[in-house]
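Thanks for coming, everyone. Let's look at how the inside of this one is put together.

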Amino acid sequence: MKQIDEIKLLHSMASYCSICERCISDVSKKFVAAGATKEMEKRIIERLLKEGFIDEARFCRSFVNDKFRFNRWGRIRIRYELQRKKIPDELISAALDEIDEEAYLSSLFDLMKNRKRSLKGDSERDVFCRLYRFAVGRGFESQLVIQCIKPLFKNDYDTDEVE
């Protein structure tokens, strides 16, 4: 009976991994929910890795691409989320290096330009500060945020007060 359960679980996990890219930590959460033993989990994950259902480098590249293009997250937030999924730093760095710098800056500038239109504030400085916090909260580097935010405003604000 236990053998049948393990085979069913293997097929279920293979199906789960076929739907979209998954990492080991995502799959491990499913094992916990299914009530599988650690030994069973280890055997099935090894087989899924061997057969190519799980590939953390592929997952990492896909995650970075999706979160940058669709969610418009910055490198800091993407790195943080991948670290939460226990992805090795080498894979994270390699995937983040694939982001085109020009596209990254363009995306940040467009994001801030669009957000500025919807922001209301008592003063231009207030809007500047809100826009800065918004972009940094999205995971963009503060130096790049300042670089992209300055052309959107007439005054040149002291950036030490914003941070």
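Some ground rules. This is a predicted model, where local features need pLDDT of at least 70, side-chain atom pairs count only at pLDDT 80 or more, and totals for chains, interfaces and linings use all residues. Residues are numbered from 1 along each chain as its sequence is written, and side-chain values use heavy atoms, with hydrogens and water left out.

Start with the largest nonpolar core, which has 33 residues. By nonpolar core I mean a set of buried Ala, Val, Leu, Ile, Met, Phe, Trp, Tyr and Cys residues joined through side-chain atoms within 4.5 Å. Buried means under 20% relative accessible area, with a 1.4 Å probe and protein chains only. Ile-78, Leu-82, Leu-108 and Met-112 have the most contacts inside this core. Which helix gives the most to it? H8, with six residues. Helices here are DSSP runs (H or I, at least four residues), numbered from the N terminus.

Now Leu-108. Leaving out residues up to four places away in sequence, Leu-108 touches Ala-135, Phe-140, Leu-144, Val-145 and Cys-148. Contact means heavy atoms within 4.5 Å.

Next, helix H9, residues 142-149. Leu-144, Val-145, Ile-146, Cys-148 and Ile-149 are buried there. The buried residues of H9 pack against H5 (75-84), H7 (101-118) and H8 (124-137).

Last, Ser-107, in helix H7. Is Ser-107 buried or exposed? Buried, because its relative accessible area is 11%. Beyond four places in sequence, Ser-107 touches Phe-68 and Arg-72.

Conventions. Buried < 20%, exposed > 50% of the residue type's maximum accessible area, 1.4 Å probe, protein only. Helix = DSSP H or I, 4+ residues; strand = E, 2+ residues; numbered from the N terminus.
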